[in-house]
Amino acid sequence: MSQFDVAVIGAGPGGYIAAIRAAQLGFKTVCIDAGVNKAGDAPALGGTCLNVGCIPSKALLQSSEHFHAAQHDFAEHGITVGDVKFDAAKMIERKDGIVTKLTGGIKFLFQKNKVESLFGKGSLKGRNGDVWQVEVDNKGEKSVVEAKHVIIATGSVPRPLPLIDIDNVNVLDNEGALNLTEVPKKLGVIGSGVIGLEMGSVWKRVGSEVTILEAMPTFLAAADQQIAKEAFKVFTKEQGLAIELGVKINEIKNDKNGVTVSYEVGGGAKTETFDKLIVSIGRIPNTEGLNAEGVGLEKDERGFIKVDGECRTNLPNVWAIGDVVRGPMLAHKASDEGVAVAERIAGQKPHLDFNTIPFVIYTDPEIAWVGKTEEQLKAEGVEYKKGTSGFAANGRALGLGKAKGTVKVLACAKTDRVLGVHMIGPMVSELVAEGVMSMEFSASSEDIARIVHAHPTLSEVLHEAALAADKRALHG
Ligand code: FAD
Ligand code: NAI
């Protein structure tokens, strides 16, 4: 029986990073993963993020943005293009190439860092003295490894909608939405969260008529509402995404006529038939096959593995990280928890601040934020001041042809400490890092205002918003 210091179950961004860090810290480490490639004929490391999440979605967003730009934006630069054509299958092929490259990269990183990689489903069998036994089921062929520490990083799966089964032909989850090789004429999306908006944007840009049906009456309820309102206006009025809020879905039929959704909205009943329907109503933790009950691993009422602030479960030396535990379901949160757990096993004292985890939605314009929203500060009774600035007069944004959006800095009214940074605009996925850094170093809005920002850059908008928080905006 193979013996290890650390056994990691799951090789998504939580698990593979935890395994690499553990190995770097001198632990004999194994990473067990059951993920397979798109064809289903070979193991594929990287979990949801690399195979059917972050990476493939961003590849499609970029391709569709280029197609849209060629049709609508090139002319003002004096560039005339002929009849612009779109080949969905080619776009998917490019995306698949990026996925293969990156998943293969993890295999290489495992070899480089001497992480043993095992293919199969891992489950906790029990404990022998102070050593855990983990069973690995490779298509019925079972083996057992022993490890002092186990890190569970089994991720999440799409939340099912009881009204309809996903067939990934007409009714799609994220996997199906990322693999359409023809542009659907009419695309329905249930849920206007992150996947709904990103996938809705992709297929809208390449020609689909897109309708997004959202249960909540508020658009992007977790985002700062000033930014969310601006986004809603751009997506619906300028980009033509039909987003219906406060919807109650009553029935969904998937037959030869397409996918027919009957729903109520604003007191009236509506029925729409779509060629394809994406169901993106959130994700649920994945603990299937782990034998959690068998070994007494505690879960909370929503099915997440219960952990403390440092990712310890109720079982000795069993840790859990990423989507399978509380907190935002984000790749960078999973990875940082993975690093922190490996370092804790090594006796170090890492700290992960949940208040400085950045959120990004890769629409166009992008949306990004870190820290508290105005709504949260009000609810918590925190006195704050704010400064806003727009991209409309920013030289770089104008040059890029993307002079739209706003940056808002929220700071404590008494101490000026930055409490939140909220953005909608070009490449704000990159700009948000400055907000994260500022908050991590307990910066004041004056600190951001006094830092020299290169000209002409998009970062000048954040600079100006920080100046505005101090009522000394120069361009406002
Ligand atoms: P996962 O990535 O889900 O990995 C879990 C791994 O464990 C999988 O390989 C699975 O096969 C394996 N596994 C499960 N059970 C077992 C078992 N019993 N034995 C062995 N192996 C097992 N996040 C971002 O931060 N940015 C984005 O832009 C972004 N875009 C996304 C787009 C989409 C369409 C989706 C669906 C998600 C996106 N996310 C994004 C979320 C991100 O993918 C997840 O937060 C992240 O992958 C979670 O990492 P994880 O390691 O916890 O789990
Ligand atoms: P989500 O939680 O972002 O959005 C789900 C939406 O569906 C919510 O607005 C919810 O109110 C709505 N909804 C729920 N039930 C509904 C129903 N019955 N009818 C209509 N609407 C309903 O979840 P999503 O978009 O599925 O993504 C899952 C997770 O993946 C995200 O929470 C995020 O953590 C991660 N992700 C992150 C991305 C990023 O960081 N850019 C990109 C895509 C996904």
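Biologist: Which polar backbone atom lies 3.5 Å from a nitrogen atom of ligand 1, and what makes that a polar contact?

Modeller: This is a predicted model, and in it the polar backbone atom belongs to Cys54, 3.5 Å from a nitrogen atom of ligand 1. A polar contact is a pair of N or O atoms within 3.5 Å, so the pair qualifies at that cut-off. An oxygen atom of ligand 1 is also 3.3 Å from a polar backbone atom of Cys49, and a polar side-chain atom of Thr48 lies 2.7 Å from an oxygen atom of ligand 1.

Biologist: How much of ligand 1 does the protein cover, and which helix gives the largest share of the shell around it?

Modeller: On its own ligand 1 has 990 Å² of accessible area, and the protein covers 92% of that. Helix α2 provides the largest share of the shell, with four residues, while β2, α2, α3, β4 and α9 each supply at least two. Altogether 38 residues surround ligand 1, and the closest are Asp33, Thr48, Lys58, Gly122 and Asp323. By class, the shell has 15 nonpolar, 18 polar and five charged residues.

Biologist: What holds for ligand 2: how many residues surround it, and which are the closest?

Modeller: Ligand 2 is surrounded by 21 residues, of which the closest are Ile195, Glu214, Gly282, Met329 and Val360. An oxygen atom of ligand 2 is 2.8 Å from a polar backbone atom of Ile195, and a backbone N or O atom of Gly282 lies 2.8 Å from an oxygen atom of the ligand. The side chain of Glu198 has an N or O atom 2.9 Å from a nitrogen atom of ligand 2. Taken alone, ligand 2 exposes 840 Å², and the protein buries 74% of that area. By class, its shell has 13 nonpolar, four polar and four charged residues, and α6 gives the most to this shell, with three residues.

Biologist: Why is Ser57 called buried?

Modeller: Ser57 has a relative accessible area of 6%, and buried means under 20%, so the term applies to Ser57. Ser57 lies in helix α3, and, leaving aside its neighbours within four places in sequence, Ser57 is in contact with Leu178, Glu198 and Met199. A polar contact of 3.0 Å also joins the side chains of Ser57 and Lys58.

Biologist: What makes helix α1 mostly covered?

Modeller: Seven of the ten residues of α1 are buried, namely Gly15, Tyr16, Ala18, Ala19, Ile20, Ala22 and Ala23. What covers these buried residues includes β1, β2, α4, β6 and α9. After α1 comes Gly26, whose phi is positive, near 100°.

Biologist: Which residues touch the most other members of the largest nonpolar core?

Modeller: That core has 34 residues, and Trp203, Phe219, Leu220, Phe235 and Ile367 touch the most other members. The elements that give two or more residues to this core include α3, α4, α6 and α7, along with β9, β10 and β19. A second, separate core of 25 residues includes Ala18, Ala22, Phe27 and Ile345.

Biologist: How do you know that Ile367 is in contact with Leu220?

Modeller: Contact means heavy atoms within 4.5 Å, and Leu220 is among the residues in contact with Ile367 when neighbours within four places in sequence are left aside. Other residues in contact with Ile367 include Phe235, Phe359, Met423 and Val428.

Methods: Residues are numbered from 1 along each chain as its sequence is written. Chains are lettered from A and ligands numbered from 1 in the order in which they are written. This is a predicted model: local features need pLDDT of at least 70, side-chain atom pairs count only at pLDDT 80 or more; totals for chains, interfaces and linings use all residues. Side-chain values use heavy atoms; hydrogens and water are left out. A nonpolar core is a set of buried Ala, Val, Leu, Ile, Met, Phe, Trp, Tyr and Cys residues joined through side-chain atoms within 4.5 Å. Buried means under 20% relative accessible area, exposed over 50%, partly exposed in between (1.4 Å probe, protein chains only). A residue is near a molecule or strand if one of its heavy atoms lies within 4 Å of it. A polar contact is a pair of N or O atoms within 3.5 Å; within protein, one must be able to donate a hydrogen and the other to accept it, and residues adjacent in sequence count only if both atoms are side-chain atoms. Accessible areas come from the Shrake-Rupley method with a 1.4 Å probe; for residues, only the protein chains shown count as cover. Ala, Val, Leu, Ile, Met, Phe, Trp, Tyr, Cys and Pro count as nonpolar, Asp, Glu, Lys and Arg as charged, and the others, Gly among them, as polar.
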